[in-house]
Every structure is written in C-alpha cells, then in structure tokens.
Amino acid sequence: MEAIKKLSLAVNYEQPPEKELSVFGFLFFCNGMLLQIQQVRNNVLEFDLSKAAAMRAGKNGVGAEELRVFLAPATGKEAQGIKSIADLETLQPYEAILSNRNAEGQVSILPVPAAISRFWLVCRCRVTGKVSKWFRFGDQWEDRPVCRARVHICEIDPIIYWIHRIPDPVIAKIPELLLHPEEVIRNPIPVPDPLPFLRSPRATAAPQMDIFKTPSPEQLQLQVAEKLPDLGADIRQRLLSGSLDQIRNTIVNNYELLHPWFCLWPRWWPWLYRCTERKVVYTDANGRFDASILYRCFGDRPDVYIWVEYLVNGVWTTVYDPPRPCNTYWNYNCGTELSIHITDPRVPVDCCCNCPLPGDLVMIRSIGGTSVSHVNQQNGAQAPAGQSVPYNRIGLTDAAAIGDGFFSTSVGDYKRPFGGTFNFYMGFGQGLPRNDIYYYRWSYRKVNAADLNPVSGSVEQIDTPEYKYYDFIFTDSNGDQQIGHDKVKLGPFTVGSENNLYIIPPERPGQAPFNAPQTDPQWYERTHNTHTIGIDSAQLKNGAALGGDGLYEFKLELFNQSGVLLTNIAKATFKVPEFDDADTSVNAPDALLAGATATTADAFKMLVRVDNSACNSAVFTVNVNGAPAASDCCGFVKYQPGGLEADLELSFLATHPNDFAVFSFGVSKGTCGAVAGAGASGMVIDGASGYVLTGGIYRKHFTPAQLLDSCYAGGNGKAAFAETLSVIAMATDGTYRQSGRDAPYRVAAFALEP
C-alpha cells in the first residue's frame with residue numbers, strides 16, 4: 001500500500017449522537033507504540049505522520065497497513081493519560097479500519113457503529129451515602145458513623161459492551177456452571193453477617209457439634225439451589241444450544257437474573273463484572289460521603305459498587321469489599337442515600353462533631369478498644385459465675401473482644417487478662433504541645449509474678465518507633481487536585497539527659513513543631529484519639545530477662561520541651577473515659593495516678609495483668625467400673641460386663657497454667673443431639689455441671705440408662721456417641737481475643753453396647 005505522510009479522516013456516525021461529543025483519535029503503530037493523539041474537530045481527524053515516517057528507513061511515509069486508529073470519547077485530561085491500547089479500555093473505544101480508499105485514493109473509515117457510539121454519551125450522577133458500624137456498649141448496640149474512611153465509588157461496566165471480549169472458552173464453560181452447580185459445595189452463596197444484636201451476647205458454651213448428622217452432597221446442593229432464582233426452560237434451552245453467540249446474548253438479556261448464580265463462583269467475577277473507579281472520597285464526622293460521577297448514559301442509570309478502606313496501624317486497609325454480583329446497586333437512582341454497614345473489627349469508634357479536646361488536657365483512653373476505666377485496679381477475690389473457686393481480679397478487664405465465641409463477659413465481671421501486642425490510645429488537648437508540656441514517655445515494671453507473689457521488677461522504658469500519618473492536597477500536572485500522604489516521627493528521641501521521649505502531636509500537622517508544608521494537611525487519626533505507643537507483651541522485660549506472665553504497672557510521664565520530667569502536675573490534667581460512656585471524660589481517679597495529692601499528681605499509672613500462656617486439652621477413653629473400656633481401637637464399650645450394668649465415667653483434660661481459659665465439653669448421641677447432663681462449660685479453675693476437677697482432669701459418672709436414654713431399650717439398646725471439647729484462652733490485646741493460645745479442638749467417639 002502507498003506510503004502516506006498525512007492522515008485525514010472524516011468521522012461520521014451510523015446514528016448521530018443526541019448531543020455533541022468530545023472525541024479523540026489515538027494513532028498507534030501496529031506493534032502498539034503510541035504515535036499521536038488528536039481531537040476530532042468538525043467531524044475531521046487529522047494526524048501528521050512526518051515523525052512516524054522519520055522512523056522508517058526510506059523516510060517516504062508510513063503505510064496505512066502499519067497503523068491502528070482508535071476513536072473514543074474523552075476529556076483532554078483523559079486523552080493525555082492514554083499511553084497504550086490497554087489504557088483505552090475504560091473509554092470504550094472504536095477501532096477504525098484503514099483499508100478503505102475513496103475515489104481519489106485517500107484512506108477513509110466507515111461510520112462509527114451505533115452499537116458503539118451509543119455508549120459514548122456521558123451523564124452526571126450524584127452518589128451519596130453513609131458508612132457506619134454496629135458497636136456494643138455494655139449490653140447495648142449502637143449504629144455509629146465511621147469517619148475518615150476512604151470510599152471508592154466504582155461503576156460496573158455494562159456487560160453488553162464487552163461481552164464479546166470474554167474469551168470463547170470462558171463463555172463455553174458458563175452453561176455448565178449454571179446448569180450443573182456441583183461446585184456449590186466448595187463455594188456456598190455469600191450472605192451478609194447478621195446484625196450484632198441478633199447474636200446471643202450471653203452464650204456460655206460452644207455450639208454442640210453432632211458429627212453423625214452431616215448432609216450428603218446432594219442435600220447440600222438442594223439447599224443451595226432452593227435459594228437461587230429459577231432459570232426457566234427457555235433460558236436453559238438457550239444455554240444448551242452450543243452456540244457461543246446465543247449463550248452470550250442469553251447472559252446479556254438475563255444478567256440481573258443471573259447475579260445470584262454468579263455469586264457462587266468468585267473466580268469468574270473478573271470476567272463477568274468489570275469495575276471502573278470513578279471517584280475516591282472520605283467520610284466526614286457523621287460518616288457521610290457525597291460525590292458526583294460521570295457515566296455512560298446508554299441504557300439505564302449507572303450500576304454503582306462501593307468498597308471502603310480504613311487506616312489500620314498507619315496502613316490504608318480494605319475493610320469493606322463484598323462480592324460484586326450481589327452487592328452492586330444496579331440501576332442506581334442518582335442521589336439516593338446508600339447505607340454501607342461494615343463489620344471489620346479493626347474499625348474503632350472515632351467520630352465526633354467537635355473532635356479537639358480543650359486546653360492542655362491529657363486523656364488516657366484505651367488499650368486497643370478497651371477503655372482504661374474497665375481495667376480493675378483493686379485487689380479482690382471473686383469466683384466465676386456458676387463456679388465456686390475465687391481468684392484475684394486485679395489488673396483484669398471486663399471488656400468483650402473480637403473472636404470471643406462461647407466466652408462471655410458482663411460489665412463489672414473482671415476476669416480476662418491482656419496478651420499479644422498492646423496499643424495505647426490517648427487524646428491531647430488542642431493547647432498542646434507547649435513549652436512546659438511537650439513530650440510523653442511510657443514505661444513499665446513488673447510488680448507481681450503470675451501467681452501474684454510480689455517481685456521487684458526494674459523500670460523499663462518503651463522505645464518502639466512511633467509515626468503519625470497525614471494526607472494533604474496537591475495539584476497534579478493536569479491542574480487537578482489530588483490527595484498525597486506523608487508522616488512525621490513522634491519518637492523516640494533523646495532530649496537532654498532523658499531517653500525515649502515522644503512528641504505530643506498538635507491538633508493539625510501544619511502546626512508546630514511539625515509545620516507540615518503541604519496544602520491542607522490532615523491527620524489520619526485525630527489527635528483527640530491517637531495511637532501513642534505499642535509493645536509486644538510477650539517481650540516485656542524484667543532487667544536483662546523476659547518478664548513473663550504477671551502483673552505490670554504501666555506509667556505515662558510528661559516532660560517539658562527541654563526534656564525535664566514534670567512533677568506536681570494539676571490532677572485535672574489527667575483524664576480517663578467515663579465508665580459507662582467511653583466518649584465522655586472524667587478526672588482520673590487516684591488509683592490511676594502516681595504521687596497523687598489533693599490537687600496534683602506526678603504521672604498516670606495503671607496495673608495490667610499480662611498472660612500469654614497456652615491452653616491444653618484432651619478427651620480420654622471411657623472408664624467402665626474404673627478401668628479403660630476397650631483394649632483395641634474400635635471404640636466399642638460394653639456396659640454390661642459379666643451381665644451387670646457398669647459404672648461409666650467420662651473424663652477430659654482442660655487446663656491453663658494460670659487458669660485464664662474457659663472450656664466447653666459436649667456429648668452427642670447418634671443423630672439424637674446432645675445427651676442431657678453430659679455437657680459442661682466454665683473456667684478451668686473449678687468443676688462444672690457435676691464434673692469433678694482434680695489435677696486438671698474433669699470426671700463424671702453415669703449409668704448406661706443416663707447416657708442411652710431413649711436408646712436404652714430395657715438394657716438391650718446400643719448407640720454411638722461423640723465427645724467434643726474446646727478450651728480457649730481468655731486473654732485479649734484490647735480488641736481481639738488471643739486465639740493463638742487456644743488448645744486444639746478435640747473430637748472423640750465411642751459406642752455403647754450390652
């Protein structure tokens with residue numbers, strides 16, 4: 001084909017657009033190299049090929065067969081952002097064929113097909129909503145807003161546009177998935193978590209597991225199939241046609257009906273649900289977000305999908321990203337408020353309408369999500385509910401934790417220690433830092449061993465590096481505002497003769513001493529509730545050695561700008577959360593102050609029980625008349641040896657070195673369910689439900705009739721039994737139960753026969 005140095009193309013449409021479009025042409029070499037971008041003006045697209053010709057040996061021009069031309073609607077900013085053919089994908093381009101020539105021999109292109117150009121008209125849609133989370137306060141649940149969350153507003157591209165780009169092997173597989181859904185066993189339908197107040201907050205034992213009552217694959221498939229919409233004979237017939245085009249059209253025409261089916265196969269979502277991010281916004285103090293997005297006007301309103309990030313330990317972390325097929329707002333009614341409920345346990349209560357604390361107050365808020373006001377500071381022995389052995393509750397908390405399972409707590413029932421990594425959260429008044437209150441420092445010392453015998457622990461300063469992160473506004477090369485991110489170091493620093501000092505952060509990063517130079521810098525975590533230090537409690541020291549489990553005193557001290565330790569500070573400076581309302585402060589009581597007088601104090605201090613020990617468990621063989629029942633591994637137990645009914649003893653092991661564990665033991669019979677009187681639960685400190693505790697082993701005696709019950713049959717019956725045992729640690733890091741210290745889950749079986 002003849003070489004050309006200038007390409008001029010008339011751009012027409014099979015169906016003229018309803019309004020004028022901003023359309024650009026993108027010229028590429030056939031190898032994918034971008035040559036030029038030009039806007040279509042007065043229905044003409046012109047490219048200067050002189051630079052492209054200079055790249056050729058003959059330098060006489062470029063052959064049309066060497067070129068690829070794409071047309072796509074775009075703003076100037078969008079067009080300049082295109083660097084490759086792949087970048088064009090989101091603009092839904094049309095590739096013009098350059099093989100046509102008019103009567104004068106000039107290259108021409110056919111009109112843009114209506115099936116393509118109808119996608120090009122752009123409309124504006126307002127997307128607004130609220131992000132919230134259910135939080136538990138005592139025995140009450142509240143739906144609280146989540147502020148400073150990063151909300152990603154995406155649009156699900158219409159499948160009618162790109163259905164033909166899905167590879168044939170993928171399309172050919174879809175009828176098999178829809179008509180023969182055997183894979184539901186491995187991929188059950190995702191369902192939303194229940195609202196927290198629908199869960200039982202006072203469960204005292206693990207759910208009984210009946211290992212004999214299990215569904216068949218056919219039953220499971222039937223249960224799942226009952227939740228899916230019926231496809232109907234006509235749709236099934238089209239899917240079975242074997243024609244890939246007919247299968248594609250069937251999917252497009254029944255897309256909404258098929259969403260619940262597609263939910264079953266996550267690995268197919270990238271092929272069937274293409275999500276284009278339109279806007280990223282932050283929620284305000286009320287958890288609200290509001291933004292306008294552009295979308296292709298073809299068809300109905302946009303299909304909107306939302307996913308959310310939250311700052312977790314200085315890292316933006318996805319906390320809400322549900323399955324797209326069943327969590328997209330199809331044909332979203334623009335302006336309608338969206339309600340986004342997240343359940344991620346890492347998201348705290350941290351929204352307020354007037355965040356800054358007044359003056360120069362120092363509020364010690366929490367260890368993780370546990371209010372410091374809910375950590376017991378008094379010696380006092382108390383037995384667990386339903387049990388009789390008391391133990392000292394000093395340094396323990398009554399707070400619930402994520403992952404508690406069958407372990408339950410109630411307000412005022414201080415029974416759980418701390419373990420794992422502590423994170424201390426505080427709030428500082430907007431008058432800080434100032435010359436006379438500038439730095440803080442956390443330290444600790446061990447005061448009692450695990451058995452609460454006194455020890456003379458050394459004072460150890462915490463020296464974990466601490467940074468505070470912020471974002472800011474900047475203008476990019478296209479003149480658009482963007483969000484940037486940075487951080488400042490709080491400590492540790494050596495000032496004068498004092499080590500491990502940390503700067504009290506100001507209300508905003510643009511204030512002294514950081515003076516962040518960027519435009520509109522904002523902390524990720526507001527200074528009224530900010531992470532001040534963290535430490536792995538398993539690495540707590542006592543001199544050169546590890547301190548181990550026990551009672552520790554943690555102390556917060558304040559320093560001036562010269563690094564001089566402050567004493568005789570006004571007592572009202574130190575605040576803690578009110579017992580019944582963690583969002584309201586009260587003056588710290590003397591029990592939480594060091595060197596307290598009537599009006600002053602030297603520092604904040606608190607006692608914390610630390611326990612990182614692991615649980616142990618075992619289920620033992622049934623004893624018949626005091627001896628192990630079976631001499632082999634078959635599991636049969638004869639309950640009438642020598643013709644006389646025997647005494648049957650069930651036993652199991654549930655221990656923890658410091659008794660900070662709870663257990664749940666259950667016995668199920670065949671498919672009949674739990675055996676009455678055979679289950680037990682409680683703290684490992686004492687017997688429960690008739691089981692006698694000796695040396696960590698729980699024992700209880702039964703007659704054959706008590707265990708067999710309805711299967712007794714006058715002494716001639718028999719039945720199979722399953723014993724299950726959970727022993728879990730009670731320790732918390734303030735947010736999560738330390739499940740890594742749990743004992744392995746135990747299951748054992750036996751059968752009774754005459």
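Q: Which residues line the largest cavity?
A: Ile 174, Leu 177, Phe 262, Trp 265, Trp 268 and Leu 272 line the largest cavity. A cavity is a set of points on a 1 Å grid over the protein atoms alone where a 1.4 Å probe fits but cannot get out, and lining residues have an atom within 4 Å of a point. This is a predicted model, where local features need pLDDT of at least 70 and side-chain atom pairs count only at pLDDT 80 or more, while totals for chains, interfaces and linings use all residues. Residues are numbered from 1 along each chain as its sequence is written, and side-chain values use heavy atoms, with hydrogens and water left out.

Q: How much space lies in the largest cavity?
A: About 40 Å³, a volume being the space filled by probe spheres set on the points, which are joined across faces, edges and corners. The structure holds one cavity of 30 Å³ or more.

Q: Pockets, then. What is the volume of the second largest pocket?
A: About 1100 Å³. A pocket is an open set with protein on both sides within 12 Å along at least five of seven lines.

Q: Which residues lie nearest its centre?
A: Lys 77, Glu 78, Arg 278, Lys 279 and Leu 294, out of 32 lining residues. The lining divides into 14 nonpolar, seven polar and 11 charged residues.

Q: Switching to the largest nonpolar core: which residues have the most contacts inside it?
A: Trp 442 and Phe 554, in a core of 50 residues. Such a core is a set of buried Ala, Val, Leu, Ile, Met, Phe, Trp, Tyr and Cys residues joined through side-chain atoms within 4.5 Å.

Q: Is Gln 377 buried or exposed?
A: Gln 377 is buried, with a relative accessible area of 15%; buried means under 20%, exposed over 50%, partly exposed in between (1.4 Å probe, protein chains only).

Q: What lies around its side chain?
A: A polar atom of the Gln 377 side chain lies 2.7 Å from the backbone nitrogen of Leu 607. The backbone oxygen of Val 375 lies 3.2 Å from a polar atom of that side chain. Gln 377 also touches residues including Ile 394 and Met 606.

Methods: Polar contact = N/O pair within 3.5 Å; in protein donor to acceptor, adjacent residues only side chain to side chain. Contact = heavy atoms within 4.5 Å. Nonpolar A, V, L, I, M, F, W, Y, C, P; charged D, E, K, R; others polar. Lists of a residue's contacts leave out its neighbours within four places in sequence.
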